[in-house]
Every structure is written in structure tokens, then in C-alpha cells.
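I am opening my notebook on a structure I have not looked at before.

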Amino acid sequence: MIYLRKAMTILAFIFMIGSFPSITSACSCADLPSVEEEFERSKAVFSGKVVDIKEKRSLKGYTTKSVLFEVTNTWKGVEQSQIIITTGQGGGDCGYNFIKGEEYLVYANESIIYEAKSLVSSMCNRTRVLSSSQEDLEILGEGQPPIEEVNLSGKHNRNQKYIWATVAVAIGIVVFFILNRRKRLD
């Protein structure tokens with residue numbers, strides 16, 4: 001009975017840690033750079049339609065969004081027909097509020113700002129709804145269609161499965177520890 005109580009305490013502790021509110025920080029953006037400056041400093045520049053958005057929670061408590069795009073045109077760093085961009089929740093973490101089904105002109109950089117190294121776009125760069133990006137498009141020119149057809153929807157959906165798999169493994173370890181300990185004492 002003592003081991004069951006210890007197991008319940010450990011499980012309660014694990015779930016309590018996972019339920020803390022997200023850590024946030026204030027977002028402060030300087031003036032937007034020119035189209036030329038933003039293009040130069042970006043790793044990827046493309047236009048595309050948001051196909052899917054998934055929320056991800058890191059081990060440190062950050063909640064981010066993983067955004068899957070169907071690429072229409074590319075100007076820099078993108079050759080595939082789909083791409084996944086990471087952004088924050090919006091507001092204090094500088095995340096861009098992408099909307100499923102909308103088309104955007106996206107400027108992205110490789111970053112670890114949201115922990116894992118990925119292509120990141122934020123409200124501090126020139127990423128905008130495509131219909132509001134005429135100035136940028138006039139300077140960038142037509143762009144090129146992607147040259148490699150891919151389907152990243154499976155990869156995009158796997159992110160959530162890893163979180164649940166990690167929780168299941170942690171619970172399994174606790175249960176194994178308790179059962180093993182109980183057998184030794186019997």
C-alpha cells in the first residue's frame with residue numbers, strides 16, 4: 001500500500017509539472033527592416049497557404065505553433081512544395097498569428113528561440129498576409145514555383161505523438177519501478 005501511495009505521489013508530481021502555465025517573455029520589435037534587408041538576413045522567403053497549425057508544448061513550458069504551408073512561390077531557401085515553420089503563440093513571445101487557409105508572404109530564419117532548431121517566423125519580421133504584401137512583391141519579383149513535390153503532413157502530425165509517447169514511457173518507468181520494488185520486498 002505504501003508503494004501505491006508513492007506511485008500516486010510521483011504520478012501527481014509529473015502531471016503537476018506539466019500543468020504549469022506557459023513561461024512568457026515580452027516581445028519588443030524594432031522598426032521593420034526594408035524588403036532588401038529582410039531578404040538578405042532571411043534563410044527562407046516564400047509565399048504559401050497555411051494547411052495546418054499544431055500547438056506544441058516544450059519541456060520548459062513554452063507553447064509554440066508548428067505551421068505547415070503549401071508553398072506557392074519561393075525566392076530564397078525553399079525548394080519543396082511544403083514547409084513547416086515554427087512561431088510563438090503571439091503577443092509577448094513575438095509569435096505570428098497565422099490562420100489556416102490564408103496565404104502569406106513568409107520571411108523565416110533558422111533559430112533556437114523556441115528551443116529546437118527550426119525555421120522561425122515572427123511578428124518582428126516582414127511576414128504578412130499575401131494580399132497586404134504588394135510592396136514586397138514588387139521588389140522581390142515573381143519568384144519561382146517549388147521544384148520538389150513533398151507531403152509533410154505526416155511529419156507535422158508526429159510532433160504530438162512524441163509528447164504522448166514520452167508521457168507513456170515515464171508512467172511505464174514509474175510502474176516498473178514500483179512493481180520491481182514490491183517483488184523484492186515479498
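This is a predicted model: local features need pLDDT of at least 70, side-chain atom pairs count only at pLDDT 80 or more; totals for chains, interfaces and linings use all residues.

Entry 1: I began at Phe69, which is buried because its relative accessibility is 0%; buried means under 20% relative accessible area, exposed over 50% and partly exposed in between, with a 1.4 Å probe and protein chains only. Phe46 is buried too, also with a relative accessible area of 0%. Residues are numbered from 1 along each chain as its sequence is written, and side-chain values use heavy atoms, with hydrogens and water left out.

Next I searched the whole structure for aromatic pairs and got 6. For this, rings of Phe, Tyr and Trp (its six-membered ring) pair if their centres lie within 6.5 Å; planes under 30 degrees apart count as stacked, over 60 as edge-to-face and the rest as tilted. Helices (H or I, at least four residues) and strands (E, at least two) are DSSP runs, numbered from the N terminus.

I then noted Tyr96 and Tyr104, another edge-to-face pair, at 5.8 Å centre to centre and 90° between the planes. Tyr96 is buried at a relative accessible area of 12%, and Tyr104 is buried at 1%. Which residues make up the aromatic cluster? I found Phe46, Phe69, Tyr96, Phe98 and Tyr104 in one cluster.

**Entry 2: the cores.** I looked up the nonpolar cores, meaning sets of buried Ala, Val, Leu, Ile, Met, Phe, Trp, Tyr and Cys residues joined through side-chain atoms within 4.5 Å. The largest has 15 residues, and those touching the most other members are Phe46, Phe69, Ile83, Ile85, Phe98, Tyr104 and Val106. Two or more residues come from each of β1, β2, β3 (82-88) and β4. A second, separate core has 6 residues, including Val35, Trp75, Leu105 and Tyr107. In soluble globular proteins, nonpolar side chains tend to be buried together.

I also checked Val106 for contacts (heavy atoms within 4.5 Å). Beyond its neighbours within four places in sequence, Val106 touches Ala44, Val45, Phe46, Phe69, Phe98, Ser121 and Thr127.

**Entry 3: how β4 pairs.** Two strands pair if DSSP finds at least two bridges between them. I found β4 (residues 103-111) antiparallel to β1 over 6 bridges, with Ser47 opposite Leu105. β4 also pairs with β6 (residues 128-129), antiparallel over 2 bridges, and there Leu105 has Arg128 as its bridge partner. With β5 (residues 118-120), β4 is antiparallel over 3 bridges, and Asn109 is partnered by Val120.

**Entry 4: Ser42.** Is Ser42 buried or exposed? At 2% relative accessibility, Ser42 counts as buried. I located Ser42 in the loop between α2 (35-41) and β1 (44-57). The Ser42 side chain reaches the backbone oxygen of Glu38 at 2.7 Å. Ser42 and Asn109 are 67 residues apart in sequence, yet 5.2 Å apart in space, C-alpha to C-alpha. Setting aside neighbours within four places in sequence, Ser42 is in contact with Lys76, Tyr107, Ala108 and Asn109.

I followed Lys76 onward: Lys76 lies over the face of Phe39, at 5.0 Å from the ring centre. A charge sits over a ring if NZ of Lys or CZ of Arg is within 6 Å of the ring centre and within 35 degrees of the ring normal.

**Entry 5: the whole chain.** Last, I stepped back and counted 4 helices and 6 strands in the protein chain. From the N terminus on, the elements run α-α-β-β-β-β-β-β-α-α. Of the 186 residues, 34% count as buried. Among contacts with a separation of 6 or more, 69% come from residues 24 or more positions apart.

Conventions:
A polar contact is a pair of N or O atoms within 3.5 Å; within protein, one must be able to donate a hydrogen and the other to accept it, and residues adjacent in sequence count only if both atoms are side-chain atoms.
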